[in-house]
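Here are a few notes to read with the structure open beside you. Take the points in order and find each piece as you go.

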Amino acid sequence: MAEAPQISRRSRMRQFFRIALRYWRGRKRWQAWALTGAVLVFIAAQTSAAVGINRWNRWFFDALERRDVDAVWATTGWLPFLLAASALSVSGLVVSRMLLQVRWRENLTRRLAGWWIADQRYYRLGFLSKKMTAPEYRIAEDARLAIEPLVELAIGLITAFVTAATFAAILWQVAGSAEFMLGGTLIVIPSYMAVAAVVYATIASLAAYLAGRPLVARVAHKNEMEAQFRAEMTRLRENAESIALIKGDADERSSAGEGYGRVVAAWLKIVRQQGVIALVLNTNGALFPIVPLLLIAPKFLAGAITLGAVVQVVAAFSAVQAALIWFVDNFVRLAEWFASVTRVDELVEELEALDIGTIMEKDERIVLGESEDDAIHLENLSIAHSNGRIVVADATVTIAQGAKTLIAGESGSGKSTLIRALAGIWPWGSGSIRVPSGQTIAFVPQKPYLPKGTLRAILLYPDSDRAVADDAILAALQRCGLGYLAKKLDAEEDDWDRALSGGERQRVAFVRLLLQKPDIIVMDEATSALDEGSQASLLGLFDEELAAATLISVGHRPGLEDYHDQKITLERRPAGAHMTSKRMRKSLWRLFKSRSADNEDERQDIEQV
């Protein structure tokens, strides 16, 4: 990660386009080019229709000036065709534009989301980048705000260029030159209306740029404050029960007020800047229809041009002016768009930095490999935090096939970090972890993940489409104390993470183990929400249905040693926790309980016979 500052000195816009424009070079480039072609065709059609209507105005008003009734009706007959052409071109442009927006956004979102999710980057990014707030919002919302306005702005810019060039030619042709005497010298300004339109648009654009330049940074700051406020509200919702139990309402209300206060302060800066911009825009709006009339009036009063020509010139001047001040009209949208581009590129920058850090650390990271026997081997294993501080130092231990291993140690000694290393989501450190080839591994965290869906899908997760007999599922539910949920197996989808208690969620994890029958099971405080009786019942699975599985578990509760035959202890030290391993025997009490359970099963079998 030491090289991350080198890639932070970057052009946000250039880097954004580097990844966004891959849509035109990737697997669906035919789609991108087809939609782009359609947009350009409809822009040309729309401009042609506008030119046709501009010429129709001249013909119509010239006919009115001559009081030629036949010419008026003949000109009017063309109007429905011109309006139809204009409507169809506008409609086609809207449809093609929206399709391009949807498909381009889809391409960028899939690329960003896939990059973020792959190789546990969504997990590791939280350790390496504390400033990266709400990456999911950047993917879902900022990617949309970076693509949709971009397409509209690009279409507007192309349309403005084509319109300016087309109607400037009309001004050149119809308005002619301006002539006036200055100090006895005849001054001739060729195509003075076109020149006036360019000069006026340049002045208006420069004024808007100077007034609106500070808006870019202020919009970006506002978006960041909004994202932080949403993150605070999400944190509050996700920890609602804990906050309610300790009655932290007042503190959370104060924190929420401070967070929204920062949002309001950011918005007020934008409001002040918008006021300056509005002054420029409204002044331009007031002058917009007056300037061309004042410029063309002398030639009309002198009889040099007809009334129809005046109408055509005014319309053409307005079209050229509107095209040339496109920047003025869209400055606020450009500022907001660039703010979203910045947030998307910040995510890209962090993902690139994460990948660079991973490549740089490839010689100093934990190696995951295959063991030559059926045991799990931790060899010279040192586990570090992402900042380089050693958590576990130089550990070597072997876990035999079928062993039931308990990892113990004081809080902060690195037990959960060791579990993450075993799962392959914690690469920081050195040494190796080797597991038997071809064996399936299941990880059971303290709070199992329950996605939305039917109960059947929840129990079979992450392989929800796997075909499992109902009898097997019902038997697993009954064995793990969730038999009362059997009637909801294929009921409507539910938010089971909210519907089930902490203990029920942990029981669901054991149902999954029974249905999956993994070879290696790694548990982290997997029974912490259960009472001792329920814990004893579920851990009894490793003497019965799951006896062949290798178990590695982390836990603090008393009595856990009775269910394991190996104990790894992490002793916290300044240079990293020291690991020791010892074999354990079943306690007499556990042997007695097992024998009592066997006798009870035999008695029930006899009664059934």
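1. Now try it on helix α17 (residues 470-479) and helix α19 (residues 502-516): their axes come within 9 Å and cross at roughly 140°. Angles over 145 degrees count as roughly antiparallel, and α17 and α19 are therefore oblique to each other. The crossing of this pair is right-handed.

2. Who does the touching there? On the α17 side you'll find A472, I473, A476, L477 and R479, and on the α19 side V511, L514 and L515. Sorted by type, the residues in this contact of α17 with α19 come out as 7 nonpolar, no polar and 1 charged.

3. Time to zoom out. Keep in mind that this is a predicted model. The protein has 21 helices and 12 strands, and 43% of its 609 residues count as buried. Look at contacts with a separation of 6 or more: 76% of them join residues 24 or more positions apart.

4. Helix α7 (residues 192-212) packs with helix α10 (residues 249-287) at an angle of about 165°, and their axes are 8 Å apart. That makes α7 roughly antiparallel to α10. The way α7 passes α10 is a right-handed crossing.

5. Which residues of α7 meet α10? They are Y200, A204, A207, A208, A211 and G212, and their counterparts in α10 are Q273, V276, I277, V280, N284 and L287. By type, the contact of α7 with α10 divides into 9 nonpolar, 3 polar and no charged residues.

6. Now for a sheet. Here 6 strands form an open sheet with mixed pairing, and the order to trace is β8-β9-β10-β6-β11-β12. At the edges stand β8 (441-444) and β12 (578-583), each with a single partner strand, so one side of each is left without a neighbour in the sheet. From one strand to the next, the twist averages 15°.

7. β8 pairs with strand β9 (residues 520-524) in the parallel sense, over 4 bridges. To see one of these, find F443, whose bridge partner in β9 is V522.

8. Is strand β4 (residues 376-384) mostly covered or mostly open? Mostly covered: 7 of its 9 residues are buried. β4 pairs in the antiparallel sense with strand β5 (residues 390-399) over 6 bridges, and L378 stands opposite V397 in β5. β4 also pairs in the antiparallel sense with strand β7 (residues 429-436), this time over 5 bridges. There, E379 has S432 of β7 as its bridge partner.

9. Last stop, a single residue. T417 sits in helix α15 (residues 415-423). Is T417 buried or exposed? The cut-off for buried is under 20% relative accessible area, and T417 has 8%, so T417 is buried. Leaving aside neighbours within four places in sequence, T417 is in contact with I383 and W426.

Note on methods: Residues numbered from 1 in each chain as written. Predicted model: local features only at pLDDT ≥ 70, side-chain atom pairs only at ≥ 80, totals over all residues. Heavy atoms only, no water. Buried < 20%, exposed > 50% of the residue type's maximum accessible area, 1.4 Å probe, protein only. Helix = DSSP H or I, 4+ residues; strand = E, 2+ residues; numbered from the N terminus. Pairing = 2+ DSSP bridges. Axes fitted to C-alpha atoms, helices over the stretch in contact; angles between N-to-C directions. Parallel < 35°, antiparallel > 145°, perpendicular 65-115°, else oblique. Left-handed = near helix turned anticlockwise from the far one by under 90°. Contact = heavy atoms within 4.5 Å. Nonpolar A, V, L, I, M, F, W, Y, C, P; charged D, E, K, R; others polar.
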